[in-house]
Amino acid sequence: RGLTDGTLTSVLAALFGVAAVRTLTPRPTDDYSVVTEAAYRLDRRMVAYARERAISGGVNPRLVEAIMAVENVQRPVWVRRLERLLGRMLHLSLTYGIMQMRAPRPLSDRESIDAAIDGPLRGAVLPPPEYGRWSEEQLAPILDGYNSDPVFVHWVTIALSVLRDGRLQG
């Protein structure tokens with residue numbers, strides 16, 4: 001019990017420290033820049049895996065990459081690692097991995113990609129963009145089984161624009 005309490009205290013102290021540093025570090029404020037920065041932080045091998053897996057699963061790879069970029073805004077790699085650690089220690093059923101898939105056990109980023117492609121994104125195909133961009137109205141029905149929150153749909157729309165503009169190529 002003492003070891004668990006000590007570990008949780010250490011984790012909370014580390015989170016406080018990271019939060020303090022992140023709060024004091026200047027960040028981009030416009031949505032496009034925020035998504036672009038989060039996308040650049042994605043592991044290129046993981047992005048390549050997601051693209052290959054999306055193609056073999058009949059899902060649009062650009063959509064999967066856009067979702068990864070958006071999820072990385074909210075759950076950067078250090079948060080995902082912490083979630084997996086706490087999930088293992090406390091046996092929690094949470095959302096895990098880059099794709100934030102609900103599971104009874106911790107998932108790696110790759111496992112979450114597989115779960116999303118085999119589950120809520122199965123067969124997701126992007127329609128042709130309207131006037132060179134995808135609209136939130138076009139994406140909402142496609143994302144409904146994955147995350148129907150209008151704010152999430154908005155961010156994915158932005159990420160698709162970032163991708164279209166070639167800003168995520170690594």
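## Close-ups of pockets, a patch and salt bridges

**View 1. Leu-94 sits partly exposed, at 31% relative accessibility.** The cut-offs here are under 20% relative accessible area for buried, over 50% for exposed and partly exposed in between, with a 1.4 Å probe and protein chains only. Leu-94 belongs to strand β1, residues 94-96 (strands are DSSP E runs of at least two residues, helices H or I runs of at least four, numbered from the N terminus). Together with Leu-90 and Leu-92, Leu-94 makes a nonpolar surface patch of about 200 Å² accessible area. Patch members have over 30% relative accessible area and no salt bridge; nonpolar side chains (Val, Leu, Ile, Met, Phe, Trp, Tyr) are joined within 5 Å, like charges within 9 Å. Areas are Shrake-Rupley values with a 1.4 Å probe, and for residues only the protein chains shown count as cover.

A word on the model: it is predicted, with local features needing pLDDT of at least 70 and side-chain atom pairs pLDDT 80 or more, while totals for chains, interfaces and linings use all residues. Residues are numbered from 1 along each chain as its sequence is written, and side-chain values use heavy atoms, leaving out hydrogens and water.

**View 2. The largest pocket holds about 290 Å³ of space.** Its lining counts 15 residues, and those closest to the centre are Asp-43, Met-46, Val-77, Arg-80 and Asp-109. (A pocket is an open set of points on a 1 Å grid over the protein atoms alone, where a 1.4 Å probe fits, with protein on both sides within 12 Å along at least five of seven lines; lining residues have an atom within 4 Å of a point. Volume is the space filled by probe spheres on the points.) Helices α3 (44-56), α5 (77-90) and α6 (109-118) each put at least two residues into this lining, and α5 has the largest share with 5. Charge is well represented here: 9 charged residues, next to 5 nonpolar and 1 polar. Asp, Glu, Lys and Arg count as charged, Ala, Val, Leu, Ile, Met, Phe, Trp, Tyr, Cys and Pro as nonpolar, and the others, Gly among them, as polar.

**View 3. The second largest pocket comes in at about 240 Å³.** Val-70, Glu-71, Gln-74, Asn-147 and Phe-152 are closest to the centre, out of 17 lining residues. At least two lining residues come from each of α4 (61-74) and α8 (150-164), with α4 giving the most, 4 residues. This lining splits into 9 nonpolar, 5 polar and 3 charged residues.

**View 4. Glu-37 and Arg-41 pair up in a salt bridge, 3.0 Å from N to O.** The term covers a side-chain nitrogen of Lys or Arg within 4 Å of a carboxyl oxygen of Asp or Glu, and the whole structure has 7. Both partners are partly exposed: Glu-37 at 23%, Arg-41 at 47%.

**View 5. Arg-44 reaches Glu-65 in another salt bridge, with the closest N and O atoms 4.0 Å apart.** This one links distant parts of the chain, 21 residues apart, from Arg-44 in helix α3 to Glu-65 in helix α4. Arg-44 is partly exposed at 29%, whereas Glu-65 is buried at 4%.

**View 6. Asp-114 and Arg-53 form a salt bridge at 2.9 Å between the closest N and O atoms.** Asp-114 is in helix α6 and Arg-53 in helix α3, so the pair ties together parts 61 residues apart in sequence. Arg-53 counts as buried, at 16% relative accessibility.
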